[in-house]
Amino acid sequence: MKRTAVLAAALATALAATLASAGTADARSGARDDSYGTKAPYAPQQDLRHYQQVPEGYSAVFTENVARHGSRAMSDREDGDAVLALLARAEQDGGLTGLGARLAPQVRTLLDAGASIGYGNLSARGADEQRQTALRMERRLPGLFDAIAAQGAPIVVETSGVTRATASADAFTAGLVAGEPALAGVLKAPVTDKNLLYFHKQPQNADYRAYLAGDPQLAAALAGIDADPRTAEAARHTVRRLFTARFADTLTTEQQTAFARSLAALRSAAPDLAAESGGTDLDRFLTPDDARWFGYLDDAEEFYQKGPGFTGRTITYKMAGVLLDDLFAQLERKAAGTSADGAVLRFTHAEEIEPLAALLGLPGSTEQADPAHPYSYADNPWRGARVAPMAANIQWDLYRSTADSADSAGGGKGRPGYLVRMFYNEKETAFKDGCRPIAKGSAFYDLDELERCFGRN
């Protein structure tokens, strides 16, 4: 079987496996639904058939990515236990509605699913997300991966060292090998680099952790958002659908809010465990409007803690500079002829993807919030489900001019020697304002121009 046929078959098989494991809730709750926040399952944002053609006279010589781990189990069972405890108390008191009586079995199934693979660990869906992304990468760059296999060019794999990130790397590389079996011989064993791919927890970023723990501006912003009357309204509405009015009236506003937010967190986690939980669907227990409000509250925390944050402050994203530097350094070494690597693959977390997106000025991550005007869906495009869903990824491809070798460094006759194209969740994406593509509307940039634009010259 030809390599392209193997790749097509592998992609079809992986896709079928995902569709088979995904319940009906998954079909409704893809990454386009903002209420799932950063727990949203992954979906590529552009069709393979609609990418721009590579400029004539250039061929791909290198690719690199930064990817979040795939869909996973919830971190622990705290939210589930809290929901079950209140449901049990209400049941003893005869305080459940018909809808409320159907919730506990669903929650138990979800918790059992998380425990079956280990809380926080990669799920079957998460592994499929990574395998399919790898297969599509090969389809975008068939000549490059043929050359990597033929030349024995190493494929470097780096992770944060956290189990779900390492498992994501394994699933991704398994996808590459499924599409091109000869790549098995060039894949390097994954290495852990916490300074690069888990930087938010490292000693050099103690100022960031201090910001999370006690910054007064951050605390005030989040407290103000949580105090919005719509939070109590959404919680009250959720509780009264599941509990009788008599029982609901025994709960304080704080108890109602805590219950509703825990339920919303479980709902967001359910699609990621579709295979393990048999397609458990918690959508019916929260109305779309209530789910969207609780999703906004989660997004507000992410925005201020890991995203663009406050106007004039860089504490939430400046630490991603180490990752941006490495992206450029890999391109520069390849262009200089000092690296034989064919690809560098990195697997990390939302805590790294969100700051990197802000630092790069990627779509949805360019607008900060004035302290006097809190982050809002009404006037800020940042959404966790779009910026950093499960398996979110940023990919840079390097193309070399195929002009005569004597002219290749400069491209010959004024042609750039190297071009770069960026994908963000597999969508061709422009670099930040101020970076000039090789032509208006082009997705391709001269490497020298990018270095100028990002101040690396």
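Which helix does Ala-235 lie in? A few notes on that and other spots follow.

1. Ground rules. This is a predicted model, where local features need pLDDT of at least 70 and side-chain atom pairs count only at pLDDT 80 or more, while totals for chains, interfaces and linings use all residues. Residues are numbered from 1 along each chain as its sequence is written, and side-chain values use heavy atoms, with hydrogens and water left out.

2. Ala-235. The opening question first: Ala-235 lies in helix H12, residues 229-242. Helices here are DSSP runs of H or I with at least four residues, strands are runs of E with at least two, and both are numbered from the N terminus. Ala-235 counts as buried because its relative accessibility is 1%; buried means under 20% relative accessible area, exposed over 50%, and partly exposed in between, with a 1.4 Å probe and protein chains only. Not counting residues up to four places away in sequence, Ala-235 touches Gln-256, Thr-257, Ala-260 and Phe-294 (contact means heavy atoms within 4.5 Å). Trp-382 is 147 residues from Ala-235 along the chain, and their C-alpha atoms are separated by 24 Å.

3. H3 against H14. Helix H3 (residues 78-92) and helix H14 (residues 253-269) have axes that come within 9 Å and cross at roughly 125°. That makes H3 oblique to H14. For reference, axes are lines fitted to C-alpha atoms, for helices over the stretch in contact, and angles run from 0 to 180 degrees between N-to-C directions. Angles under 35 degrees count as roughly parallel, over 145 as roughly antiparallel, 65 to 115 as roughly perpendicular, and the rest as oblique. The crossing of H3 past H14 is left-handed, meaning that the near helix is turned anticlockwise from the far one by less than a right angle (clockwise would be right-handed).

4. Who makes that contact? On the H3 side you'll find Asp-79, Gly-80, Ala-82, Val-83, Leu-86, Leu-87 and Arg-89, and on the H14 side Gln-255, Phe-259, Ser-262, Leu-263, Ala-265 and Leu-266. Sorted by class, the contact of H3 with H14 comes out at 8 nonpolar, 3 polar and 2 charged residues. The classes put Ala, Val, Leu, Ile, Met, Phe, Trp, Tyr, Cys and Pro in nonpolar, Asp, Glu, Lys and Arg in charged, and the others, Gly among them, in polar.

5. Arg-267. Leaving aside neighbours within four places in sequence, Arg-267 is in contact with Asp-33, Ser-35, Tyr-36, Leu-282, Asp-283, Leu-286 and Ala-291.

6. H10 against H16. The axes of helix H10 (residues 206-214) and helix H16 (residues 288-306) come within 10 Å, crossing at roughly 145°. Tyr-208, Tyr-211 and Leu-212 of H10 meet Tyr-304, Gln-305 and Lys-306 of H16. By class, that contact of H10 with H16 has 4 nonpolar, 1 polar and 1 charged residue.

7. Leu-222. Leu-222 lies in helix H11, residues 216-226, and is buried because its relative accessible area is 15%. Apart from residues up to four places away in sequence, Leu-222 touches Ala-300, Glu-301, Tyr-304 and Gln-305.

8. Gln-395. This residue lies in strand S5, residues 393-401, and Gln-395 is buried, with a relative accessible area of 2%. The side chains of Gln-395 and Asp-397 make a polar contact at 2.8 Å. Beyond neighbours within four places in sequence, the contacts of Gln-395 include Thr-63, Met-137, Arg-140 and Phe-423.

9. Two backbone angles to look at. Ala-391 sits in the loop between helix H19 (384-387) and S5; its phi is near 65°, a positive value in a residue other than glycine. Ala-391 is buried, with a relative accessible area of 2%. Glu-426, in the loop between strand S6 (418-424) and strand S7 (427-428), has a positive phi near 70°. At 1% relative accessibility, Glu-426 counts as buried.

Methods:
A polar contact is a pair of N or O atoms within 3.5 Å; within protein, one must be able to donate a hydrogen and the other to accept it, and residues adjacent in sequence count only if both atoms are side-chain atoms.
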